[in-house]
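Hi,

Here is the structure I promised to send over. Have a look first, and then read on for what turned up.

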Amino acid sequence: MSMNRPVAAALAAALCLLTAACGSSSDDKASAESTEAAAAKTGYPVTLDNCGQKETFEKAPSRTVVMNGASVAEVSTLLALGLEDKIVANQQGYGMSEVPGRAAAIKKLPTGNVKVNEAYDIPREAMLGLRPDLVLSVTTYGFDQKNGFATREQLKQVGANSYVSPQGCDDDPAKMTVADSYQLLRDMGTIFNVSDKAEKLIAESEKNIAAVSEKVKGEKPPKVMVLFSNMSMGSNDFSSVVANGIINDILAKAGGSNAFESAARTTFADLSKEKVAATDVDALVVIAYNDPDPAAYAKKLFKEFPQWPAAKNNTYVTLSDSMYLGPSNDVAVEKVAKMLHPDAF
């Protein structure tokens, strides 16, 4: 994919956050009886501890802004909870989804007609002009003054709450698991007073994943290569290979393992062609990020590395948004498991 350098660099930076997209939520014990009575009636106020910052919501937000961060986790979570009418500006988009109708639903959301900055995101003045009451960012990057963004403190001054997604506090998506997707759902359920719906979605996902894991239990886990199609993010030929993060949890639940898990401590590994050629890859997961034909990329890799067991057996699957933080990890677990262990289904 040919891009000019600053755009590629901005996207690379965003994508490193990506498989990202914090913290545990805890309801503060309301001391005043009147507050307790109000909470009993309306479900508010609620307080979340988010990246060490207390965020108190007196009512459900109605002017939510979703920052880009090369994620669709936040906007997909809001859509899954039926909260699209609470969004005044959404900068997340993916063009494709494993969930029928989701990509189209995201496309339909208002963008706030904002002129984005070099990181494809909403600069401070434009953000304040949107008069948000809640701003969602994948990581603390989106609230960093040196990136030209409104800080959480500045947002607070104009009456807006802010929220950083799980594992976004330390900007280390390498530690992310499927449980973080549930945390994001649970936190949005708390903030918007739709906890019942959030818990129902979490329970359904857990049930679906448990059923798949049960079917593939005891099978030998094939070695899987997961990478983004046609994307360069480093100096080597293969710089968009996923080494760590939520993807490894998804692979494990689907009865597989990451062929390149030890290649890096970070989310992505930057690998030479020789290193890739020397690894036995049993199966391939190609993640499409604005690539209309990820299957063609899989075929190209099989031609390049015909010695892989994956190439000999034509074992691959193409996925997009279900493979990282968001409400649809159970879809990825099932699709990957069916590729790896077709006889179990």
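Across which strands does H7 lie? Please keep in mind that this is a predicted model. In it, H7 lies across S5 and S6, and the helix runs at about 165° to S6.

Those strands belong to an open sheet of 4 strands, ordered S4-S3-S5-S6, with parallel pairing. Strand S4 (87–90) and strand S6 (161–164) are at the edges with a single partner strand each, so one side of each has no neighbour in the sheet. On average, neighbouring strands here are turned by 15° against each other, direction ignored. S5 (residues 134–137) pairs with S6 over 4 bridges in the parallel sense, and Ser137 stands opposite Val164 in S6. Another helix, H3 (residues 73–80), lies across S3 (64–66), S4 and S5, at about 140° to S3.

Back to H7, which spans residues 178–191 and includes Leu185. Leu185 has a relative accessible area of 2%, so it counts as buried, the cut-off being under 20%. Beyond its neighbours within four places in sequence, Leu185 is in contact with Thr77, Leu81, Ala198, Leu201, Ile202 and Pro327. Of these, Ile202 is 17 residues away in sequence, with a C-alpha to C-alpha separation of 7.6 Å.

Now the nonpolar cores. The largest has 60 residues, and Met188, Val226, Phe228, Val285, Ile287, Met323 and Val336 have the most contacts inside it. Apart from it lies another core of 22 residues, including Phe260, Ala269, Val281 and Trp308. Residues that Val285 touches include Val226, Met323 and Val336.

Best wishes

Key:
Residues are numbered from 1 along each chain as its sequence is written. This is a predicted model: local features need pLDDT of at least 70, side-chain atom pairs count only at pLDDT 80 or more; totals for chains, interfaces and linings use all residues. Side-chain values use heavy atoms; hydrogens and water are left out. A nonpolar core is a set of buried Ala, Val, Leu, Ile, Met, Phe, Trp, Tyr and Cys residues joined through side-chain atoms within 4.5 Å. Buried means under 20% relative accessible area, exposed over 50%, partly exposed in between (1.4 Å probe, protein chains only). Contact means heavy atoms within 4.5 Å. Helices (H or I, at least four residues) and strands (E, at least two) are DSSP runs, numbered from the N terminus. Two strands pair if DSSP finds at least two bridges between them. Axes are lines fitted to C-alpha atoms, for helices over the stretch in contact, and angles run from 0 to 180 degrees between N-to-C directions.
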